[in-house]
Amino acid sequence: MEHKTRSELRVTIMTILYQINIYKKNHMEYNVDDIIKEVSLVDNEFVKDTVYGVITYQNELDEMANKYLDGWKIDRLGNTDKAILEIGLYELIYTDTPSVVCINEAVELAKSYSDDSVRKMINATLDKVLKEKENGR
């Protein structure tokens, strides 16, 4: 069985969330497990947990993003950018992944899949959320 790094798995997660976003925007029915199976060739708990985590906390994640996206709303971001930001936010707020890793991984994804201004926006948003988290607000 092929072993992927968490960084590689995050690309898979981003792709799955991207697909789900397209289905939602077009008001199409979809099955999350089917999309996971279609995109991810290996059965992986990290992928499943993160995808379901983002879906479960979508409203909270989007609210948090909108609070800190300067003059923007998360729905204005492209599907890929939205997926990257949601993964970063989910990991930052709801998992034990070290904060610096959550932010670096999201920024690395954005370097590969987003333009520079969006990468900076994602980085700034995650930094602000981290500060709020550290201040216990």
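In this predicted model, D62 is a residue of helix α4. Its relative accessible area is 13%, and because the cut-off for burial is under 20%, D62 counts as buried. Leaving out residues up to four places away in sequence, D62 touches I74, K82 and E86. A further reference point is L89, which lies 27 residues from D62 along the chain; the C-alpha atoms of D62 and L89 are separated by 9.0 Å.

Two packed helices are described by the angle between their axes and the distance between the axes. For α4 and α5, the angle is about 100° and the axes are 10 Å apart. Angles of 65 to 115 degrees count as roughly perpendicular, and α4 and α5 are therefore roughly perpendicular to each other. On the α4 side, the contact is made by Q58, E60, L61, D62, M64 and A65. From α5, the contributing residues are K82, L85, E86, L89, Y90, I93 and Y94. Sorted by class, this contact of α4 with α5 comprises 8 nonpolar, 1 polar and 4 charged residues.

Helix α5 can then be considered on its own. Its 16 residues, at 1.5 Å a residue, should span 22 Å.

In soluble globular proteins, nonpolar side chains tend to be buried together. Here the largest nonpolar core has 39 residues, and the members that touch the most other members are V51, L85, L89, I122 and L126. At least two residues of this core come from each of α1 (6–25), α2 (32–39), α3 (45–56), α4 (58–68), α5 (79–94), α6 (99–113) and α7 (116–134). The largest share, 7 residues, is supplied by α5.

L85 connects these topics, as a residue of the α4 and α5 contact and one of the core members with the most touching partners. With neighbours within four places in sequence set aside, L85 is in contact with A65, L69, I74, L77, I122, T125 and L126. Among these partners, I74 is also touched by D62.

Definitions and conventions. Residues are numbered from 1 along each chain as its sequence is written. This is a predicted model: local features need pLDDT of at least 70, side-chain atom pairs count only at pLDDT 80 or more; totals for chains, interfaces and linings use all residues. Side-chain values use heavy atoms; hydrogens and water are left out. A nonpolar core is a set of buried Ala, Val, Leu, Ile, Met, Phe, Trp, Tyr and Cys residues joined through side-chain atoms within 4.5 Å. Buried means under 20% relative accessible area, exposed over 50%, partly exposed in between (1.4 Å probe, protein chains only). Helices (H or I, at least four residues) and strands (E, at least two) are DSSP runs, numbered from the N terminus. Contact means heavy atoms within 4.5 Å. The expected span of a helix is 1.5 Å times one less than its number of residues. Axes are lines fitted to C-alpha atoms, for helices over the stretch in contact, and angles run from 0 to 180 degrees between N-to-C directions. Angles under 35 degrees count as roughly parallel, over 145 as roughly antiparallel, 65 to 115 as roughly perpendicular and the rest as oblique. Ala, Val, Leu, Ile, Met, Phe, Trp, Tyr, Cys and Pro count as nonpolar, Asp, Glu, Lys and Arg as charged, and the others, Gly among them, as polar.
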